[in-house]
Amino acid sequence: MTDSVQASSSEPRANIGVVGLAVMGSNLARNLASREGNTVAVYNRSPERTEALVNEHSEAGFIPATSLQEFAASLQRPRTAIIMVQAGKATDAVIDGLCEVFEPGDIIVDGGNALFTDTIRREATVRERGFHFVGAGISGGEEGALKGPSIMPGGSAESYETLGPILKTIAARAPEDGEPCVTHVGTDGAGHFVKMIHNGIEYADMQLIGEAYDLLRRVGGLEPAQIAEVFSEWNQGPLSSYLIEITAEVLRQVDAETGKPFVDVVLDQAGQKGTGTWTVQSALSLGAPVSGIAEAVFARGVSSHPEQRETVRPTVASRPEPQQVDERFVEDVRKALYASKVVAYAQGFDAILAGGREHGWELNPGEIAKIWRAGCIIRAVFLGRIAEAYGRNPELKSLLADPFFAGEVAEGADAWRRVVATAALSGVPAPAFSASLSYYDSLAADRLPAALIQGQRDFFGAHTYRRIDREGVFHTDWSGDRVERRVDVAPKEPQVAAPVPATPAPQTDRDTAHA
C-alpha cells in the first residue's frame, strides 16, 4: 500500500465504496447509502462529479475522495469497492489503480457489463496479486440501481462473506416472499456469464412481444391504443412481467407534435449493445441451441440495414394480403407468446448449465430464477414457476420437460401453430415465434434429418456415423465398393463454433444494466 494511505490520520469509516459516478454508479451509491448499516465512500476521476453528487445528496453521508489513495484510506478492512465505469480499458485502468492502493485480502467488484471471459482473466490476475475480484452482473437499469436491482455476483466464497450482506441490503425483494434478489452465482466469471444469458433472454422476450404486437396490428387490425389494452389484460395473468407492463405504456403514448401513436414516429431500426450477440456466440461454442435468442439478435440486425430493405422491397412483385382471422386470434397470439417465451427461458437455462459444465461453475438454475423475480429487466411472475421446476428436479434436462411447463406449452400448441402459419401466409415476419416452435417440434420429434446429414458428412468427408441397431462407429466406402466397415475411433470433429469475441468498444456506464 502507498505511503499516503499508510500515513492517513483519518479513521476509515466506510464499509463500501463506489468508483465511477455517472448515472448507474451514482444511483448505486445512493441506494447503498440509504440502507441502514452502510457508509459509502465515493470517487470519480472527475472531482467535479464527486462534488456534485455529495452536494446534491447531503443526506447520504457520502465520504468523498479526490484520489484513489484517499478513497482506500476511507474504507474499513477488508476494503470493498464496486467499479461502475466504462467496459474495457477503463475498467482495467481502475483495477490496476486499486491494486496499487489496496492490501491483500481486499475486494474489487466490477459491476459493469463485462464480457465474462474478461472477468475470468481479470480474476486470475487480481488473485495473483493477493486480492479478491468479483464480477457482478447488475440488472434493472438506472431505476433498479437506485431502488433495488437483481445482482449476480461471481468470485470466491470468501469474498461473498463480506460482500453478500452488503448487496442484500440494496437488492430488489421478490414480491412472493421478500427474498433479496442476489445470490453467490459461482467463481470467477460466473456472475457476468449469467448476466449475459439474462440479456440474451431479454432480447428474445422483447422480440417476441414485438412480433405479437405486429401480428395484432397487421393481421388483427388493432390500433396501438387497443393493443395497449390487450397487453394490460395479459399482464394480469401468466404473462405478467415488467416487459409486458412497459409495452402497454409505450403503446399508449401519443406523440405530442404529430398526434400520432408514439410507436409510429419511431424509426424501425433497433439498436443493441452486444450482450445478445455474446450470448449466441457463447452458446454456439458450448453446443447449446438458443435459436429463439439468435433470431431475436438477427431481427435487430435486419432492422438496422435499411439500405437492404429498400433495395429488396421493390423487387417483390406482390405481398400477400393479411389472412382473415376470427375473434380467437388475440387469444391465439397470447398463447403463442407464452409458449415461445417458455422456449426462450428454456434455451437460456440450457446455456447457463452448459456454461457451468464447461467452466467448472456449480450453477444453481433454481436460485438464478429466484433472483430474477424482481429488479431485473426480465422479471416475470413465471420465474417463480421456473424456480419450482428446478426445485422439483435439480437434474431437469429441459424446462420443457417439467410437468407444469410441458402442460402449459401443450395446451397452447395448436394456437401457436395457427399464429405461425397465419404470419407466414400474411407475409408478416415472425422469426422468433417460428424458431421457437421449430425448436419445440425438434425436441418432440422421434427422428430428425440429422441422420441424413451424417450420411452426407460421411460421403464427402469420411466423418463416420453410428447406427441405431448396434454399437460402434462406422464408415461406408462411398468412392469404392460402398461396403460399410466398422472403424475403431471416429475422427476428431473439427471445431466449427465461433470463438467468444473479444471485448467490444467501451460502453458508457448506462450500458451496464441491460442490452
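**Exercise 1. Find which helices supply at least two residues each to the lining of the second largest cavity.**

Step 1. Start with the term: a cavity is a set of points on a 1 Å grid over the protein atoms alone where a 1.4 Å probe fits but cannot get out, and lining residues have an atom within 4 Å of a point.

Step 2. List the lining: Asn113, Ala114, His192, Lys195, Met196, Asn199, Thr275 and Trp278.

Step 3. The largest share, 4 residues, comes from α9.

Before you go on: this is a predicted model, where local features need pLDDT of at least 70, side-chain atom pairs count only at pLDDT 80 or more, and totals for chains, interfaces and linings use all residues. Residues are numbered from 1 along each chain as its sequence is written, and side-chain values use heavy atoms, with hydrogens and water left out.

**Exercise 2. Work out what kinds of residue line the largest cavity.**

Step 1. Sort by class: Ala, Val, Leu, Ile, Met, Phe, Trp, Tyr, Cys and Pro are nonpolar, Asp, Glu, Lys and Arg are charged, and the others, Gly among them, are polar.

Step 2. Go through the lining, which is Leu28, Ile82, Val109, Ala136, Ile138, Ile151, Leu167 and Ile170. Here β6 (132–139) and α8 (157–170) are the elements that give two or more residues.

Step 3. Count up: 8 nonpolar, no polar and no charged. The second largest cavity, for its part, has 3 nonpolar, 4 polar and 1 charged.

**Exercise 3. Classify the ring pair of Trp416 and Tyr440, and say which helices hold the two residues.**

Step 1. Get the rule: rings of Phe, Tyr and Trp (its six-membered ring) pair if their centres lie within 6.5 Å, and planes under 30 degrees apart count as stacked, over 60 as edge-to-face and the rest as tilted. The rule gives 14 aromatic pairs.

Step 2. Apply it: Trp416 and Tyr440 are 5.4 Å apart centre to centre with 40 degrees between the planes, a tilted pair.

Step 3. Check burial (buried is under 20% relative accessible area, exposed over 50%, partly exposed in between, with a 1.4 Å probe and protein chains only). Trp416 is buried at 0%, and Tyr440 is buried at 17%.

Note on methods
1 Å grid on protein atoms, 1.4 Å probe; cavity = no way out; pocket = protein on both sides within 12 Å on 5 of 7 lines; lining within 4 Å.
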